[in-house]
Amino acid sequence: MKMKIWSDGIMRKFLAVIGLVVLTSACAGLPGSAPTNFYVIKPAAGLAPEAAAKDLPEGISVGVGPIQIPGYADRAQIITFDAGSRVTVADFDHWAAPLGDTIKRISSANVAALLGEENVFPYPADFRPDQRALQIALEIVDIGQLEDGRAWVNARWHVKRLYDNQVAMRGSGSYEEPTTAGDYDSYAEGLSVIFGRLAKDLVASLDKVQFNATTN
């Protein structure tokens, strides 16, 4: 009887060791997890004050925001468009910050480069607007890298006079920039160029706003 108990104990230990060896061998055969890469979109390079800005009232202030992005792009992973309606999500290639926050940051920076840092601020903001205060609200309708590598942004926006809370004008645009398909560094750089062009259109829109005669 004692011998049987001893044998059962040895058998259980033996089976446990065998199981551990098998599990260790299986895990050793699995490939390591791929590292996650992170990317940023930078403000556009080489932006200079626009001619349209010279016709704006002295002391104008422009709030940039809020920014809306499509639900499919509101994620850490970078997305690209395949043929047809299919979207690919890059599990190991992420934006370094939320995409909506990034677009607001670089759009504010780009508009500031065109109008002057002292005239531009992120919106919403806690302040009392005067008759020279404007708001640019931007909606990114579509954004992604197309199958052939082109970076693509479809956007629309409106400019509002904050003093009387009236929409003064609306605009829209579709923008493309050649990039290398599957190269997310190239894609991020292409988006930087696109948002620089978009900022020029936003500033040009300000020139179409009708101010009161006493504003200048």
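A salt bridge is a side-chain nitrogen of Lys or Arg within 4 Å of a carboxyl oxygen of Asp or Glu. By this rule, the count here comes to six salt bridges. The structure above is a predicted model, in which local features need pLDDT of at least 70 and side-chain atom pairs count only at pLDDT 80 or more, while totals for chains, interfaces and linings use all residues. Residues are numbered from 1 along each chain as its sequence is written, and side-chain values use heavy atoms, with hydrogens and water left out.

**The overall layout**

- The protein has three helices and eight strands; helices (H or I, at least four residues) and strands (E, at least two) are DSSP runs, numbered from the N terminus.
- Of the 216 residues in the protein, 42% are buried. Here buried means under 20% relative accessible area, exposed means over 50%, and partly exposed lies in between (1.4 Å probe, protein chains only).
- Among the contacts with a separation of 6 or more, 70% are between residues 24 or more positions apart; a contact means heavy atoms within 4.5 Å.

**A salt bridge between two strands: R156 and E139**

- R156 forms a salt bridge with E139, and their closest N and O atoms are 2.8 Å apart.
- This pair links distant parts of the chain, with R156 in strand β7 (residues 151-161) and E139 in strand β6 (residues 133-145), 17 residues apart.
- R156 counts as partly exposed because its relative accessibility is 45%.
- E139 is partly exposed too, with a relative accessible area of 24%.
- Leaving aside neighbours within four places in sequence, E139 is in contact with Q68, N154, A155 and R156.
- The C-alpha atoms of E139 and S172 are separated by 9.2 Å, and these two residues are 33 residues apart along the chain.

**More salt bridges, and a network**

- The side chains of R150 and E176 meet in a salt bridge, at 2.9 Å from N to O.
- R150 lies in the loop between β6 and β7 and E176 lies in strand β8 (residues 166-177), so this pair ties together parts that are 26 residues apart in sequence.
- R150 is partly exposed, with a relative accessible area of 29%.
- E176 counts as partly exposed, at 37% relative accessibility.
- Salt bridges that share partners join D148, R150 and E176 into one network.
- D164 and R161 also meet through their side chains in a salt bridge, at 3.2 Å from N to O.
- D164 has 34% relative accessibility and so counts as partly exposed.

**Where two helices cross**

- The axes of helix α2 (residues 99-115) and helix α3 (residues 184-206) come within 9 Å and cross at roughly 60°. Axes are lines fitted to C-alpha atoms, for helices over the stretch in contact, and angles run from 0 to 180 degrees between N-to-C directions.
- α2 and α3 are therefore oblique to each other. Angles under 35 degrees count as roughly parallel, over 145 as roughly antiparallel, 65 to 115 as roughly perpendicular, and the rest as oblique.
- The crossing of α2 and α3 is right-handed. A crossing gets that name if the near helix is turned clockwise from the far one by less than a right angle, and it is left-handed if anticlockwise.
- On the α2 side, the residues that meet α3 are I103, I106, S107, N110, V111, L114 and L115, and their partners in α3 are F195, G196, A199, K200, L202, V203 and L206.
- The residues of this contact of α2 with α3 divide into 10 nonpolar, three polar and one charged. Ala, Val, Leu, Ile, Met, Phe, Trp, Tyr, Cys and Pro count as nonpolar, Asp, Glu, Lys and Arg as charged, and the others, Gly among them, as polar.

**Two residues to look up**

- N119 has its place in the loop between α2 and β5 (120-122).
- N119 counts as buried because its relative accessibility is 15%.
- Apart from neighbours within four places in sequence, N119 is in contact with I60, S61 and V62.
- V167 is found in strand β8, and at 35% relative accessibility V167 counts as partly exposed.
- Apart from neighbours within four places in sequence, V167 is in contact with H158, V159 and K160.
- V167 and I136 are 31 residues apart along the chain, and their C-alpha atoms are separated by 9.7 Å.
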